Amino acid sequence: MIQALRRLWPGASPEAPAREAVAGAWDFHCHLLPAVDDGLRSLEETQRAIAGLRALGYRGAVLTPHIYPGVYNNTPDRLREAFRQLQQAVDDNFTLRLAAEYFADETLLADINREDVLYLELGSQKIVLVEFPTLMPTPAGMDVLLQLRRAGYQPVLAHVERYRYMQLEQALWLPRLERSGAWLQCDIGSLVGQYGPHPQAFARALLDQELPTLWGTDLHRVAQLERYVAPGLTVLAKSGHRINGILEELAA
Ligand SMILES: [Fe+2]
C-alpha cells in the first residue's frame, strides 16, 4: 500500500498514520460523481480519485453532489442516472453510495414536504447532508434541520467549521445545533488549513470536544488528497480518531 501511495504521489512521503485514521472507512461527503457540479470533471479524474482514496485506506465513499437551485440545478432523478452510469464504469472493490449535499433553502423545505429528498439509507437511518451559507445565517437553515428530523430523516450539517457566524459565536450555535439533533460533519482538510486559519482553529476545537460525528474529504480535485486530506488524516490519527465508524455500524 505504501508503494501505491508512492506511485500516486511521487516525491511525497507516504503518510502511514493517515491510514490509521481511515482503516477501511467510507468517506462521507465528496464530489466524485463526474461533471455534475464543481467537483471532479471526468470519469478519468474520478477513477484517479478512487485510486487515491483506496491508497489512503478508504473502502468506499458516499457521493454527495450539490443540489443547489440556481447554482447546480441537479435533481435526485438526474443524479441517480449519473450514479448508475458511474457504477457501471468502476469496479466493485470500492463501494459507492449516493446521497447529495443540499443547500438549505425554501426549495428543500418544499422537497421535504413532497417527500422528494435524495438520502442515504443505512440501517434504520435516512441520512441527508445539508449545507448552510458560509457568511450569513438564513432563517431556512435551522428550519430545514428541524423539518428533516420531523419527517424522519437524520440531518447532517456539512463542514460546520467553515461557517463564519458559527466560528464567531460558538457558544450560541453549538447548543442550538445539538438541540436540532443534526450530526455535525467536518472537512478533514480544514484541520490543516485548507480553508484558512479560522476554519482550521474551529475544526480543531470541534475535534477536541469530539463533536463531529462524520469527517469528509469534501473532495473536488484529486490533488487535494495529497495536499490536505492525507495531512488532515494524520492529525486525526494523532488524536486517536478512527473516522466514520458509525456508517459501518449502521450498515452491519
Ligand atoms: Fe461539498
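Is alanine 251 buried, exposed or partly exposed? Alanine 251 is partly exposed, because 14 other C-beta atoms lie within 10 Å; a residue counts as buried if 20 or more other C-beta atoms lie within 10 Å of its own, as exposed if 12 or fewer do, and as partly exposed in between, with C-beta atoms placed from the backbone.

## Basis of the description

The structure is a predicted model, in which local features need pLDDT of at least 70 and side-chain atom pairs count only at pLDDT 80 or more, while totals for chains, interfaces and linings use all residues. Residues are numbered from 1 along each chain as its sequence is written. Helices (H or I, at least four residues) and strands (E, at least two) are DSSP runs, numbered from the N terminus.

## Surroundings of alanine 251

Alanine 251 lies in helix H11, which covers residues 245-251. Not counting residues up to four places away in sequence, alanine 251 touches Leu122 and Gly123; two residues are in contact if their C-beta atoms, placed from the backbone, lie within 7 Å. The C-alpha atoms of alanine 251 and glutamate 121 are separated by 8.8 Å, although these residues are 130 residues apart along the chain.

## An open sheet of three strands

An open sheet is formed by 3 strands in the order S1-S2-S4, with parallel pairing; two strands pair if DSSP finds at least two bridges between them. Strand S1 (26-28) and strand S4 (95-98) stand at the edges, each with a single partner strand, so one side of each has no neighbour in the sheet. From one strand to the next, the twist averages 20 degrees.

S1 and S2 run parallel and are joined by 3 bridges, while 4 bridges join strand S2 (residues 60-63) to S4, also in parallel. Valine 62 in S2 stands opposite phenylalanine 28, and in S4 the bridge partner of valine 62 is arginine 97. Gly60 and Val62 point one way from S2, whereas Ala61 and Leu63 point the other way, and all are buried. Helix H4 (residues 76-89) lies across S2 and S4 and runs at about 170 degrees to S4; axes are lines fitted to C-alpha atoms, for helices over the stretch in contact, and angles run from 0 to 180 degrees between N-to-C directions.

The 13 residues of helix H3 (residues 43-55) should span 18 Å at 1.5 Å a residue, and the end C-alpha atoms of H3 are 18 Å apart, which agrees; the expected span of a helix is 1.5 Å times one less than its number of residues. Thr46, Ala49, Ile50, Gly52, Leu53 and Ala55 are the buried residues of H3. Just after H3, glycine 57 takes a positive phi of about 110 degrees.

Helix H6 (residues 139-150) has 12 residues, which at 1.5 Å a residue should span 16 Å; its end C-alpha atoms are 17 Å apart, which agrees. Gly141, Val144, Leu145 and Leu148 are buried in H6. Seen down the axis of H6, the buried residues fall within an arc of 95 degrees, so they line one face of the helix; the arc is that of the directions from the helix axis to the C-beta atoms. Pro139 and Arg150, on the other side of H6, are exposed. The cover over the buried residues of H6 includes helix H5 (106-113), strand S7 (125-131), strand S8 (154-157) and helix H8 (170-180). Just after H6, glycine 152 takes a positive phi of about 95 degrees.

## The nonpolar core

The largest nonpolar core has 72 residues, of which Leu56, Ala99, Tyr102, Val128, Val130, Val156 and Leu233 touch the most other members; such a core is a set of buried Ala, Val, Leu, Ile, Met, Phe, Trp, Tyr and Cys residues joined through C-beta atoms within 7 Å. Helix H10 (residues 223-238) supplies the largest share of this core, 8 residues. Leaving aside neighbours within four places in sequence, valine 156 is in contact with Ile127, Val128, Leu129, Val130, Ala182, Trp183, Gln185 and Leu214.

Strand S9 (residues 183-187) pairs with S10 in the parallel sense over 4 bridges. Aspartate 187 has glycine 216 as its bridge partner in S10. Strand S10 (residues 212-216) is mostly covered, with 4 of its 5 residues buried.

Glycine 193 is placed in the loop between S9 and helix H9 (197-208), and is partly exposed, with 16 other C-beta atoms within 10 Å. Proline 133 is in the loop between S7 and H6, and is partly exposed, with 15 other C-beta atoms within 10 Å.
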